[in-house]
Amino acid sequence: YSNQDGVVHEWDVHWSAAPPASIPSGGPGPPGQPGFPGAATRPPGNNTLVDELESSFEACFASLVSQDYVNGTDQEEIRTGVDQCIQKFLDVARQTECFFLQKRLQLSVQKPEQVVKEDVSELRNELQRKELLVQKHLSKLHHWQQVLEDVSVQHRKPTDLPPPGPLAFLEQASASLPPAPLKPN
């Protein structure tokens, strides 16, 4: 969208605008959830692209929880109905994506510096995430190095004893036994 002087502003995206002849446009309808309890209905023909995306998404859920489908016995009919709802949702989602891609293209043509700023911002955010990940891995590495040092220190202490001979295990085991009671003579 452009203002009076014909300049497109980066955040002047209105939901009611749609690609030509693809989706009817108009003001946003009242929020509601058709098919759900307490739902407000939208007037037909006055739907925006987002309203249609929302209603098709709600229709997907409604078809899955509808009493007709729960009590229905014809599985093929149920599958067909659900497939149609999902296909409609995917179609409207593609149209929504197309709308935003068109707006992104307009922005990149009229304000290329804005696109570069957004790219730089995304790269900075990615660098911060990666730096946090590196710090996390370094802290884990330091922790496990400390554990390894502790284990190696524990294994060095027994080496202060004389080198083990063939009976070293028996000597060690007998040293930990209580002394045998003395027999009276």
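Reply: The expected span is 1.5 Å times one less than the number of residues. Please keep in mind that this is a predicted model, where local features need pLDDT of at least 70, side-chain atom pairs count only at pLDDT 80 or more, and totals for chains, interfaces and linings use all residues. Residues are numbered from 1 along each chain as its sequence is written, and side-chain values use heavy atoms, with hydrogens and water left out.

Me: What makes a stretch count as a helix, and how many helices are in the chain?

Reply: Helices are DSSP runs of H or I with at least four residues, strands are E runs of at least two, and both are numbered from the N terminus. On that basis the chain has 5 helices and 0 strands, so the order from the N terminus reads α-α-α-α-α.

Me: What does the span of α1 say at 1.5 Å a residue?

Reply: The 17 residues of α1 should span 24 Å, and the end C-alpha atoms are 25 Å apart, so the two agree. For α3, 36 residues reach 52 Å, close to the expected 52 Å.

Me: Why is Asp51 called buried?

Reply: Buried means under 20% relative accessible area, exposed means over 50%, and partly exposed is in between (1.4 Å probe, protein chains only). Asp51 has 8%, so the residue is buried. Asp51 sits in helix α1 (residues 49-65), and its side chain makes a polar contact with the side chain of Thr48 at 3.1 Å. A polar contact is a pair of N or O atoms within 3.5 Å; within protein, one must be able to donate a hydrogen and the other to accept it, and residues adjacent in sequence count only if both atoms are side-chain atoms.

Me: Are Ser63 and Ser108 buried or partly exposed?

Reply: Ser63, in helix α1, has 5% relative accessibility and therefore counts as buried. Ser108, in helix α3, has 29% and is therefore partly exposed. The side chain of Ser63 reaches the backbone oxygen of Cys60 at 2.7 Å, while the side chain of Ser108 reaches the backbone oxygen of Leu105 at 2.8 Å.

Me: Which residues of α4 are buried, and what covers them?

Reply: They are Gln114, Val115 and Glu118, and the cover includes α3 (75-110). The buried residues of α3 include Ile78, Val92, Phe99 and Leu107. Over the 185 residues of the chain, 17% count as buried.

Me: Where does the name "coiled-coil region" come from?

Reply: That name comes from UniProt, whose unreviewed entry places the feature at residues 113-140. UniProt positions are in the numbering used here, feature names are shortened, and annotations may be inferred rather than shown by experiment. In the model, residues 113-140 are 100% helix and 0% strand, with end C-alpha atoms 41 Å apart.

Key. Contact means heavy atoms within 4.5 Å.
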